[in-house]
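Dear colleague,

Please find below the sequence and structure that I am handing over to you. My findings follow directly after them.

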Amino acid sequence: MYEFNDEQKENILRMYPSVEEYILTDIRRKRDKECFEVINRGELWYKKLSKSQKEELEFWYNDWLNATDTKIIPKKPEWL
């Protein structure tokens, strides 16, 4: 998912200690925005979900928790 040309790498290294640290920071930022805003919704919202939606949400959430290891941004469930 993350590919950079030499110029992009140089720019990244001006702001971060390594390209790896930039990638991890980017994943964490995306996880905060795309995942936690959904996962941290209240009980009333969760009660309206079907069993299959809850299961899909759980897998998606776990994929996000592992994203800093896998370096893969999980695909958001279509129904979200």
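The accessible surface of the chain comes to about 6,100 Å², and carbon and sulfur atoms account for 49% of that area. Please bear in mind that this is a predicted model. Of the 80 residues in the chain, 26% count as buried.

As to secondary structure, the chain holds five helices and zero strands, so that its elements read α-α-α-α-α from the N terminus on. The chain is more spread out than a compact globule, because its radius of gyration is 16 Å, well over the 12 Å that the globule rule gives for 80 residues. Taken along the principal axes, the box filled by the C-alpha atoms is roughly 50 × 20 × 20 Å. Where contacts link residues at least 6 apart in sequence, 48% of them join residues at least 24 apart.

The largest nonpolar core has 15 residues, and the members that touch the most others are Ile-23, Ile-27, Leu-57, Trp-60 and Trp-64. At least two residues of this core come from each of helix 2 (19-39) and helix 4 (51-65). Helix 2 provides the largest share, with seven residues. Leaving aside residues up to four places away in sequence, Ile-27 touches Tyr-2, Trp-64, Ala-67, Thr-68, Lys-71 and Ile-73.

With kind regards

Notes
Residues are numbered from 1 along each chain as its sequence is written. This is a predicted model: local features need pLDDT of at least 70, side-chain atom pairs count only at pLDDT 80 or more; totals for chains, interfaces and linings use all residues. Side-chain values use heavy atoms; hydrogens and water are left out. A nonpolar core is a set of buried Ala, Val, Leu, Ile, Met, Phe, Trp, Tyr and Cys residues joined through side-chain atoms within 4.5 Å. Buried means under 20% relative accessible area, exposed over 50%, partly exposed in between (1.4 Å probe, protein chains only). Helices (H or I, at least four residues) and strands (E, at least two) are DSSP runs, numbered from the N terminus. Contact means heavy atoms within 4.5 Å. The radius of gyration is taken over C-alpha atoms; the globule rule is 2.2 Å times the number of residues to the power 0.38. Accessible areas come from the Shrake-Rupley method with a 1.4 Å probe; for residues, only the protein chains shown count as cover.
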